[in-house]
Amino acid sequence: MLPPGPGLPSPLQMSLYMADPLSFLRKQRKRHGDTFTLRMSGMGEFVFVSAPEDIKRIFNAPPDALHAGEGNDVILPLVGSSSLVMQDGAEHIRLRRLLLPPFQGERLNTYAGPMREVAHASLEQWPVGKPFPLLPRMMSLTIEILLRSVFGIEGQEELALFARRFPRLVDSIASPLYLLPALSGVDVFQKVPWLRASKMKREVDEALYALIAHRRAQPADPRRQDMLSLLLESRDEAGQPLTDRELRDALFTVIVAGYETTAIGMCFTVERLLCTPEALARVHEELERVVGGEEIQAEHLGQLEYLDAVIKEALRLRPVVPLVSRRTKVPFELSKYTLPPETMLVPGIALTHLREDLYPEPDRFLPERFLGKKPDPYAWLPFGGGSRRCLGMALSLFEMKVVLATVLRRAKLRMASKRPIHMVRRSIMFAPSGGMPVVLDEVRPRSSQPQKQVA
Ligand code: HEM
């Protein structure tokens, strides 16, 4: 038997969820307790979970007990069948071991300089004195950072080509023309080759395979620190490198998973800061103390403790991805229930982040909650968790810090209107309403101090 839930007809549950997911979920938790079942018209039953002990059981379950990859069928035609997000079990573990190292640790430090430069260049293009939506600006910035740091692309022409085509392609999957057939397992790009999106995908694929071939043909260069170069050197336990197909799918996946999410996370952080002047003042004071007249460098980041807490609190209160899912493959014990195989389990990220027992006054923006504390991975989960935790978590937090520190030091920003910004659904994400209109009153000059060598 599944946990209790609302007795409403499933089309009504679906409509109420779609209209205002967060307040509908909060109401159900209040009424039915920590674990409850929603019935969504045409999509089946979903068991929502928000208690840290249940989330811990889910994130620590053996890889064969719970699957995540099969829930991602809808993006299969875009990311490809060798993408990490499509795998489960042993193949997921093998691929993740190959892909993870370039996205972690010390090597991130080499990206601080390029990330900062992209942020400066972007900021100088923002209009002064009139309202503009921040989200598209942040999206162009994050895509350029990924193209430089992950793909290792430097040529302006090549950067422009990918930076133009990727977002249009990713956007096309939100269209009903793509979504409706994809939900029934049809690869629109294959079946309807004359569609603009299909043509664009072929062109992007050709450019990606050409990039991979070009890199393979070059002798290994230890000075190259982009992730594609590192991935070309990766070997699995049997000594096998990644195939061209696996590399193409990995590059595509990183773009699909990484550029909008990070841009939205930065917008919401700016929004919370502009609405909380005392927190913004404290960020400025910290930047002045730690960075002073220099340019921001990797070595400053560890000392920006308040900015770090601000980003964590913004991701708690405005989680970009509001939920993750796992499908049970065996009978699965969860609190007092034994859930049958093929049950959809949904760790509710947004729901967990708003629990009063974990975060007193949960609706308030209080970065101090995270000062000097490591977040509990079963209570703070904007990047999901367990063996499926976001591959780009370290990269994304690093990038958010470098870009926000660069922008906030130079830009005098304010919200464009007093109307509150809401979280609105954007495919599987929550994004700021209206693209988050802001006004840039002034751009201060870059620091005049001579720059140290970038780490
Ligand atoms: C604020 C920014 C981001 C947020 C909020 C976010 C969130 C998430 C979440 C919730 C998941 C699912 C985890 C789970 O099922 O437990 C995920 C998976 C993933 N993310 Fe991110 N992400 C962000 C940025 C990035 C970036 C920058 C990259 C790549 C460079 C990336 C690559 C991936 C990949 C490849 C997966 C699939 C992991 C797997 O299935 O093993 N993400 N992300």
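Residues are numbered from 1 along each chain as its sequence is written. Because the model is predicted, local features need pLDDT of at least 70 and side-chain atom pairs count only at pLDDT 80 or more, whereas totals for chains, interfaces and linings use all residues.

Strand 1 and strand 2 form a hairpin with 3 residues between them, and in the turn G42 has a positive phi of about 75°. Strand 2 in turn pairs with strand 8 (residues 344-347) in the parallel sense over 4 bridges, and here V47 stands opposite L345 in strand 8.

Strand 4 and strand 12 (residues 437-443) run antiparallel and are joined by 2 bridges, with F132 opposite V438 in strand 12.

## The surroundings of the ligand

The ligand has 25 residues around it, of which G258, G265, G384, C390 and G392 come nearest; a residue is near a molecule or strand if its C-beta atom, placed from the backbone, lies within 6 Å of it. Helix 13 (244-274) and helix 18 (393-410) each supply at least two residues of this shell, and helix 13 gives the most, with 7 residues.

By class, the shell around the ligand holds 13 nonpolar, 9 polar and 3 charged residues. In this grouping Ala, Val, Leu, Ile, Met, Phe, Trp, Tyr, Cys and Pro count as nonpolar, Asp, Glu, Lys and Arg as charged, and the others, Gly among them, as polar.

## Helix 14 against helix 16

The axes of helix 14 (residues 277-290) and helix 16 (residues 305-317) come within 8 Å and cross at roughly 145°, the axes being lines fitted to C-alpha atoms, for helices over the stretch in contact, with angles that run from 0 to 180 degrees between N-to-C directions. Helix 14 makes the contact through A279, R282, V283 and E286, and helix 16 through Y306, L307 and V310; residues are in contact if their C-beta atoms, placed from the backbone, lie within 7 Å. By class, the contact of helix 14 with helix 16 has 5 nonpolar and 2 charged residues, and no polar ones.

## The setting of F332

F332 lies in strand 6 (residues 332-334) and counts as buried because 21 other C-beta atoms lie within 10 Å; the term buried applies at 20 or more other C-beta atoms within 10 Å of the residue's own, exposed at 12 or fewer, and partly exposed in between, with C-beta atoms placed from the backbone. Not counting residues up to four places away in sequence, F332 touches A65 and L339. F332 and R57 are 275 residues apart in sequence, yet 9.8 Å apart in space, C-alpha to C-alpha.

Terms used. Two residues are in contact if their C-beta atoms, placed from the backbone, lie within 7 Å. Two strands pair if DSSP finds at least two bridges between them.
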